[in-house]
Amino acid sequence: MRIECPHCLQKAVITSRNNLTEAKTVVDLYCKCTNPACEATFVCIMSFKHDLNPPAKTTAQIAQNLLNHLSQEERAQLLG
Ligand SMILES: [Zn+2]
């Protein structure tokens, strides 16, 4: 992930991170600008927003739950 310095717009590097939630969905990123004329240090926040596709395991669990709510006939019709 590329971080840019908000002051000079040059490349910055992440020097450390601090997880703000147990699931690591919100993280403070401590950054340092690599531009020798700037050398600013700053904190960015990175957060999970939403899934585009759920993890495969989740999809399988959803399918299994749906199958469990079908009758034998409906299940046979769907899988046959
Ligand atoms: Zn900078």
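**Exercise 1. Is threonine 41 buried or exposed, and what does it touch?**

Solution. 
Step 1: Threonine 41 has a relative accessible area of 59% and is exposed. Buried means under 20% relative accessible area, exposed over 50%, and partly exposed in between, with a 1.4 Å probe and protein chains only.
Step 2: Threonine 41 sits in strand β4, residues 41-47. Strands (E, at least two residues) and helices (H or I, at least four) are DSSP runs, numbered from the N terminus.
Step 3: List the contacts. Leaving out residues up to four places away in sequence, threonine 41 touches Cys31 and Lys32. Contact means heavy atoms within 4.5 Å.
Step 4: Look along the sequence. Cysteine 5 is 36 residues from threonine 41, yet their C-alpha atoms are 8.5 Å apart.

A note on the source: this is a predicted model, where local features need pLDDT of at least 70 and side-chain atom pairs count only at pLDDT 80 or more, while totals for chains, interfaces and linings use all residues. Residues are numbered from 1 along each chain as its sequence is written, and side-chain values use heavy atoms, without hydrogens and water.

**Exercise 2. Where does arginine 2 lie, and how far is it from valine 13?**

Solution. 
Step 1: Arginine 2 belongs to the segment before β1.
Step 2: Its relative accessibility is 60%, so arginine 2 counts as exposed.
Step 3: Valine 13 is eleven residues away in sequence, and the C-alpha to C-alpha distance from arginine 2 is 8.0 Å.

**Exercise 3. What is the phi of leucine 9, and what is the phi of lysine 24?**

Solution. 
Step 1: Most residues other than glycine have a negative phi.
Step 2: Leucine 9 is not a glycine, but has a positive phi of about 65 degrees. Leucine 9 is in the loop between β1 (3-4) and β2 (11-19). With 56% relative accessibility, leucine 9 counts as exposed.
Step 3: Lysine 24 also has a positive phi, near 60 degrees. Its loop runs between β2 and β3 (26-33). Lysine 24 counts as exposed at 53% relative accessibility.

**Exercise 4. How many helices and strands does the protein chain have, and which domains are assigned?**

Solution. 
Step 1: Count the elements. There are two helices and four strands.
Step 2: Read their order. From the N terminus, the elements run β-β-β-β-α-α.
Step 3: Take the domains. Domain 1 covers 1-49 and domain 2 covers 52-80. These bounds come from an automatic or database domain assignment.
Step 4: Find the spacing. The domain centres, taken over C-alpha atoms, are 42 Å apart.

**Exercise 5. What radius of gyration does the protein chain have, and what would a compact globule of 80 residues have?**

Solution. 
Step 1: The chain has 23 Å, while a compact globule of 80 residues would be near 12 Å. The radius is taken over C-alpha atoms, and the globule rule is 2.2 Å times the number of residues to the power 0.38.
Step 2: Check the box. Along the principal axes, the C-alpha atoms fill roughly 75 × 25 × 15 Å.
Step 3: Check burial. Of the 80 residues, 15% count as buried.
Step 4: Check the contacts. Among those between residues at least 6 apart in sequence, 23% join residues at least 24 apart.
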